[in-house]
Amino acid sequence: MRIVATGLSMPNGLGLLPDESTLVVSETHGSRLLAFTVGPDGNLGTPTVFADLGPDRHPDGLCVDTAGGVWVGSYDTGEFLRVVAGGEITHRIEIDRGWAVAPALGGPDGRTLYLVVDETSHEDLLAGKSTGRILQARVDVPGLGSP
């Protein structure tokens with residue numbers, strides 16, 4: 001085990017783009033997704049901004065689809081977003097309550113988007129009190145086959 005990136009502001013979800021040469025990482029306190037080039041030895045290059053989500057969105061877990069789009073949970077705004085390189089939001093799924101925590105693509109054709117929602121507050125989370133639920137939605141672009 002070795003350190004390949006430092007200085008991140010609460011890194012969270014991560015996934016490889018379809019060509020497996022770019023690692024996307026959600027930087028929760030940075031309100032953005034970062035992209036790292038992956039070297040042949042597994043080392044990471046200098047990060048670039050894959051998507052700036054703005055000051056009000058804090059990305060949590062993520063997953064990648066076959067077109068290189070990234071689905072990410074924005075826990076405190078209660079929405080799941082599909083973003084592409086450059087930051088364009090192509091799809092948005094708003095939840096009625098709770099924190100939008102983590103998406104995963106799966107199902108027989110890879111087009112079922114599973115959405116993990118946490119029912120908690122910052123105070124309750126620190127106290128170990130939360131419950132969750134899993135929602136699902138159908139999407140046009142399938143997942144890669146693994147998170």
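Let me start with M10, which counts as partly exposed because its relative accessibility is 40%, where partly exposed lies between buried, under 20% relative accessible area, and exposed, over 50%, with a 1.4 Å probe and protein chains only. What we have on screen is a predicted model, in which local features need pLDDT of at least 70 and side-chain atom pairs count only at pLDDT 80 or more, while totals for chains, interfaces and linings use all residues. Residues are numbered from 1 along each chain as its sequence is written, and side-chain values use heavy atoms, leaving out hydrogens and water.

Staying with M10, this residue lies in the segment before β1, strands being DSSP runs of E with at least two residues, numbered from the N terminus, and its phi is near 60°, a positive value in a residue other than glycine.

From there we come to an open sheet of four strands, in the order β1-β2-β3-β4 with antiparallel pairing, where two strands pair if DSSP finds at least two bridges between them. The edge strands, each pairing on one side only, are β1 (11-16) and β4 (48-52). Between β1 and β2 (residues 22-27), which run antiparallel, there are four bridges, and P11 has E27 in β2 as its bridge partner.

Finally, V116 sits in strand β10 (residues 112-119) and counts as partly exposed because its relative accessibility is 35%.
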